[in-house]
Amino acid sequence: MPQQRPKVVIVGAGFGGLEAAKALSRVAVDVTVIDRQNHHCFQPLLYQVATAALSPADVAWPIRHILREQENATVLMAEVRSIDTDERVVHADSISVLYDHLVLATGATHSYFGHDEWAEVAPGLKRIEDATRIRRRILIAFEQAELATDEAERRRLLTFAIVGGGPTGVEMAGAISEVARQSLAKDFRRIDPTAARIVLIEAGPRIMPTLPENLSDYVRRTLGNKGVEVMTSTRVTACDARGVELEHGRLDAGTVIWAAGVVASPAARWLNAEHDRAGRVLVNPDLSVPGHPNVFVIGDTAAVADQPGIPGTAPPAKQMGAYVGRLIAARVAGRTPPPPFRYRHLGDLATVGRHAAVVKLGRLELTGFLGWLFWSLVHIYFLIGVRDRFIVAFTWLWDYVTFQRGARLITEVPPPGRG
């Protein structure tokens, strides 16, 4: 009887999970990729789906299509329920999958700091479903304002509150401003979309705190030029269907978007492993779980003990996925494993809207149009398919020249209280 090949199970087909799978494409192992969705989502561009600049199909691709040429890879669409590390079994929906090596790349979700009830009225932005839900709310707000007869209610509907001054919050604020002041400026008769109020709320002393102070100040000035109000050192104490409660008052708003924090997936609970306050599994320098050398946790789900402060973005996840793939390949081949994982910070990028972005790469700093052009090229390069790069590049060019947004369709109107 031929000897069975080692089984590698990868849970999560985000940036880290896919990178790990691809790193094992020429290794004598059987790879099983499990994800509750059938697609990989390019999260850095979700805000453009949420603001109607791109459609969902422009930023997501079927996992099976991505791995179709990798003969040792099998894709399963299922949601993991538990993991038995003694028997080395992953239990997912109606199927159980045995593993010799396990890679958990299950990412993170929104953190409401103990107030999960806020999720219904203040959606975050992590999945395609989140983006289309936010897009629907933004567009419906303008439609309802057009119908409103009470001026105070109209002002509330045309107020957009974004909670969190990191990259996602900044990008959303800038994009919503452009929707109101450019894309929709001439589309209504009873309201003036350019009068919409966009408010970015940050609990800390400045927005984009990971950037140098001069770049953070540039972002704030640019948002101000776009009509965005920036509130710093302002903590949100409650959210409801009609706005947000702040430490020093209240802001009535028709749309509230949450971009203030994340919490890791349930991986720590599945493994009964030690974790930090954000739920990230505390892993060894080789990204394995203490006591389980054949179980690895990567991306937003991992906290590397000797490297605090690794950002929860795509580059670290891709680096971790590639590293774990190489490590497993070395073990299977009986070679010396690579040295402990070391994250290489490639830089910080964020767009503030049309022809405005910030780039920090070592000593190199770019702002304005050059920063936006660099940001655009980097994001197009990291899109998965050549066809998708062309579509996004053309869409952005068209948007830049015409100020139009082609995905402004309200495709579903849910019952009241569920939108």
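Modeller: Arg133 counts as buried because its relative accessible area is 18%; buried means under 20%, exposed over 50%, and partly exposed in between, with a 1.4 Å probe and protein chains only. The model is predicted, so local features need pLDDT of at least 70 and side-chain atom pairs pLDDT 80 or more, while totals for chains, interfaces and linings use all residues. Residues are numbered from 1 along each chain as its sequence is written, and side-chain values use heavy atoms, leaving out hydrogens and water.

The partner of Arg133 is Glu120, and their side chains meet in a salt bridge at 3.6 Å, N to O; the term requires a side-chain nitrogen of Lys or Arg within 4 Å of a carboxyl oxygen of Asp or Glu. This pair links distant parts of the chain, 13 residues apart: Arg133 belongs to helix 4 (residues 128–147), and Glu120 to the loop between strand 10 (108–110) and helix 4. Helices (H or I, at least four residues) and strands (E, at least two) are DSSP runs numbered from the N terminus. Glu120 is partly exposed because its relative accessibility is 36%.

The structure holds 20 salt bridges. In another of them, Arg36 pairs with Glu79, with the closest N and O atoms 3.8 Å apart. Arg36 lies in the loop between strand 2 (30–35) and strand 3 (39–41), and Glu79 in the loop between strand 5 (73–77) and strand 6 (80–84), so this pair ties together parts that are 43 residues apart in sequence. Arg36 is partly exposed at 45%, and Glu79 is partly exposed at 31% relative accessibility. Both residues also belong to a network of salt bridges that links Arg36, Glu79, Arg81 and Asp93.

Asp93 deserves attention for its backbone as well. Its phi is positive, about 50°, although Asp93 is not a glycine. Most residues other than glycine have a negative phi. Asp93 is located in the loop between strand 7 (89–92) and strand 8 (95–98), and it is partly exposed because its relative accessibility is 44%. Ser233 likewise is not a glycine and has a positive phi of about 50°; its place is in the loop between strand 13 (228–231) and strand 14 (236–240).

A further salt bridge joins Glu245 and Arg250, whose closest N and O atoms are 2.9 Å apart. Glu245, at 29% relative accessibility, is partly exposed, and so is Arg250 at 34%.

Phe142 and Leu223 touch the most other members of the largest nonpolar core, which has 113 residues. Such a core is a set of buried Ala, Val, Leu, Ile, Met, Phe, Trp, Tyr and Cys residues joined through side-chain atoms within 4.5 Å. The largest share of this core, 8 residues, comes from helix 9 (residues 314–333). Phe142 touches, among others, Leu158, Phe160, Val179 and Phe188, when residues up to four places away in sequence are not counted; touching means heavy atoms within 4.5 Å. A second, separate core of 16 residues includes Val121, Val244, Val256 and Trp258.
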